[in-house]
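Take a look at the sequence and the model below.

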Amino acid sequence: MYDVKIPVLIVGGGPVGLSTALFSGRRGVRTMLLEKRDSTSMLPRAPGLQARTMELFRAAGLGKEIRALEKGNSHAYFEGGIIKVDTFSDIDNAELLESPSLDGPTVSPERVMGCGQDRYEKVLVAKAREYGADVRFNTRLVSFEADEEGVTAVAEEAATGNRITIRADYLVGADGAGSRVRKALGVERTGRGTVFNALSIYFRAPELETLLKDRKFILCYASAGGSLMGLSRLHGCDPWLAAPIYYPEKGETPDDYTDERCVEIVRRAAGKDIDVEIMDKVPWQGAQLVSETFRVGRVFLAGDAAHVHPPAGGFGANTGIHDAHNLSWKLAAVHDGWGTDALLDTYDAERRPLGTAMSEQALVRNRIRHGYATEQDRKDFVDDVIITLGYRYRSSSVVGAEGSKVLTPDLELTGEPGTRAPHVWLTRAGAEGAERISSIDLFWDGFVLLHGPDGGAWAKAAVKAAERLGVPLRTHAVGPEEELRPEDRDWAAAYGVGPGGAVLVRPDAFVAWRSAEGTSAVADPDAVLDDVLARASAAAS
């Protein structure tokens with residue numbers, strides 16, 4: 001009846017779809033991915049990879065391969081911030097618009113890097129296939145129907161016209177802002193809609209190197225001509241990327257932007273009659289829209305299919321990759337038999353509020369950069385590192401979360417439930433000698449209970465609970481004389497616990513529960529951990 005039967009079907013072969021296949025496959029879940037394009041991206045889109053994104057790639061086993069794609073030291077570009085000039089020839093008088101915090105030695109074992117989507121997508125495809133994903137380019141989704149037991153989809157191969165019928169347990173729509181999956185589900189979106197229209201112009205202009213005097217920046221806006229045009233080469237090599245705004249309300253369309261006109265736009269922004277070669281042009285909309293739900297039964301939405309916003313902040317592809325990771329570990333839990341439908345519900349509960357908050361922050365940045373921000377906008381501005389690493393989850397999978405804000409004014413990675421576990425450098429003894437790891441390296445394929453020197457009773461209670469529930473769990477003692485020895489700072493202080501305390505961390509490195517004190521503070525440690533682990537995992541009991 002079916003040509004293919006697969007646990008997870010993914011629609012969309014960009015960074016989000018490929019990451020879903022990668023993260024799922026790394027956990028032993030077979031996937032099929034359908035992409036209507038004939039290959040990975042040929043353009044260096046989405047060039048900024050955040051520290052949290054690099055943590056996820058590191059955990060999935062391809063951090064070094066992604067890092068090897070970096071052209072020189074791209075971190076210097078991020079340190080240069082976002083600047084504004086009249087023309088690029090006037091670089092000496094650049095105005096600093098934003099100087100975002102993006103990473104740090106006490107924040108993450110990784111740091112941001114610049115790399116074009118055209119390069120890192122190739123690595124994602126290769127690794128996803130290595131982990132068992134069936135990635136099919138030139139193949140489009142024709143239709144799908146979901147029922148209580150799964151999803152039946154029909155796909156068509158462009159080269160042959162052949163159609164295949166696919167039966168999957170779950171379907172993930174990672175097919176972009178115009179998502180056919182979302183439209184087929186009838187999911188509405190809320191938000192401010194289209195804020196502006198822009199055209200990405202990819203071009204070569206060797207003289208820009210001289211004009212810009214090797215000034216490093218994330219984005220350089222030129223205001224010549226009365227309209228801002230952003231310039232970036234964060235990906236580290238040719239071509240340059242410029243993004244002028246155009247105005248449909250004035251009758252303008254992308255077709256009006258011939259190569260000759262684009263050359264003149266670049267020259268006007270440069271402030272000099274330089275040689276310009278246009279490589280490609282891609283129109284797009286800066287919009288702020290969030291789907292009213294990220295889950296409908298057996299179908300999920302991720303990335304731009306779930307939330308779109310102006311690119312200010314570079315949150316788009318990164319946030320979508322984080323969507324993919326959050327969903328993948330939960331799908332794997334269900335696939336392995338210990339997760340339940342309730343755990344899958346936490347995907348929407350956790351990622352949708354973040355998608356909304358992040359898209360609002362992108363709008364705030366857009367207004368600031370274009371010069372029409374209100375005083376409230378400036379008060380609402382939250383630093384980039386909080387949006388990428390300091391956000392908070394509230395769901396049934398987090399026990400004892402405090403506060404209602406997804407984003408806080410300050411970065412607070414102190415071990416509170418619902419936040420990403422703090423990064424601490426550790427020395428771990430092994431058969432082949434000691435190795436240096438980050439605490440973040442401990443979290444991937446199951447729950448982890450970290451405890452202090454006097455917290456052994458918590459570990460015993462956690463092991464009993466995990467065995468009863470069938471939930472994968474490991475325990476580690478942390479301290480100067482323990483299995484894991486902190487190198488750079490006190491672990492207990494970083495995680496907010498005493499010598500007898502313990503912290504339960506989920507497979508995605510988010511804190512699910514914490515007890516600052518030892519088991520003497522509770523009447524029945526076994527009952528506490530049994531309840532905590534059952535709630536955190538939504539395990540079938």
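The sulfur of cysteine 220 is 19 Å from the closest cysteine sulfur, in cysteine 262, so the two are too far apart for a bond. Cysteine 220 is buried, with a relative accessible area of 0%. The model here is a predicted one. In it, the count of disulfides is 0. Cysteine 115 is in no disulfide either, and the nearest cysteine sulfur, that of cysteine 237, is 8.4 Å away. A disulfide needs two cysteine sulfur atoms within 2.5 Å. Cysteine 115 is buried, also at a relative accessible area of 0%.

**Aromatic rings**

How many aromatic pairs does the structure hold? There are 14 aromatic pairs. One of them joins phenylalanine 300 and tyrosine 347. Their ring centres are 6.0 Å apart and their planes stand at 80 degrees, so the pair is edge-to-face. Planes over 60 degrees apart count as edge-to-face. Where do the two residues sit? Phenylalanine 300 lies in strand β17 (residues 299–301) and tyrosine 347 in helix α10 (residues 341–369). The pair therefore ties together parts that are 47 residues apart in sequence. Phenylalanine 300 is buried, with a relative accessible area of 0%. Tyrosine 347 is buried, with a relative accessible area of 0%.

Another edge-to-face pair is formed by tryptophan 338 and phenylalanine 447, at 6.0 Å centre to centre and 70 degrees between the planes. This pair links distant parts of the chain, 109 residues apart. Tryptophan 338 is in the loop between α9 (316–335) and α10, while phenylalanine 447 is in strand β21 (residues 447–451). Both tryptophan 338 and phenylalanine 447 are buried.

Rings can also join into a group. Ring pairs link Tyr170, Phe294, Phe300 and Tyr347 into a cluster.

| Arginine | Ring below it | Distance from the ring centre |
|---|---|---|
| Arginine 27 | Tryptophan 444 | 3.7 Å |
| Arginine 261 | Tyrosine 257 | 3.9 Å |

**Helix α10**

Is α10 enclosed or open? Of its 29 residues, 21 are buried, so α10 is largely enclosed by the rest of the structure. At 1.5 Å a residue, the 29 residues of α10 should span 42 Å. The end C-alpha atoms are 43 Å apart, which agrees. After α10 comes glycine 371, whose phi is positive, near 80 degrees.

Histidine 307 is found in strand β18 (residues 307–308). Is histidine 307 buried or exposed? It is buried, with a relative accessible area of 0%. Its side chain makes a polar contact with the side chain of aspartate 323, at 2.7 Å. Leaving out residues up to four places away in sequence, histidine 307 touches several others, including Leu289, Val290, Phe294 and Met358. Phe294 is also part of the ring cluster.

Threonine 87 lies in the loop between β4 (82–85) and β5 (95–98). It is buried, with a relative accessible area of 13%. Buried means under 20%. Residues up to four places away in sequence aside, threonine 87 touches Ala224, Arg268, Ala269, Ala270 and Gly271.

**An exposed glutamate**

Glutamate 467 lies in helix α13 (residues 456–469). Its relative accessibility is 63%, so glutamate 467 counts as exposed. Which distance separates glutamate 467 and aspartate 530 in space? They are 10.0 Å apart, C-alpha to C-alpha, and 63 residues apart in sequence.

**Backbone details**

A cis peptide bond joins aspartate 238 and proline 239, with omega at about 0 degrees. Proline 239 is found in the loop between β13 (229–232) and β14 (240–246).

Positive phi values also turn up in residues other than glycine. For alanine 46, phi is near 40 degrees. Alanine 46 lies in the loop between β2 (31–34) and β3 (48–49). At 26% relative accessibility, alanine 46 counts as partly exposed. For asparagine 138, phi is near 55 degrees. Asparagine 138 has its place in the loop between β7 (134–136) and β8 (139–146). It is partly exposed, with a relative accessible area of 31%.

Note on methods:
Residues are numbered from 1 along each chain as its sequence is written. Side-chain values use heavy atoms; hydrogens and water are left out. Buried means under 20% relative accessible area, exposed over 50%, partly exposed in between (1.4 Å probe, protein chains only). Helices (H or I, at least four residues) and strands (E, at least two) are DSSP runs, numbered from the N terminus. Contact means heavy atoms within 4.5 Å. Rings of Phe, Tyr and Trp (its six-membered ring) pair if their centres lie within 6.5 Å; planes under 30 degrees apart count as stacked, over 60 as edge-to-face and the rest as tilted. A charge sits over a ring if NZ of Lys or CZ of Arg is within 6 Å of the ring centre and within 35 degrees of the ring normal. A polar contact is a pair of N or O atoms within 3.5 Å; within protein, one must be able to donate a hydrogen and the other to accept it, and residues adjacent in sequence count only if both atoms are side-chain atoms. The expected span of a helix is 1.5 Å times one less than its number of residues.
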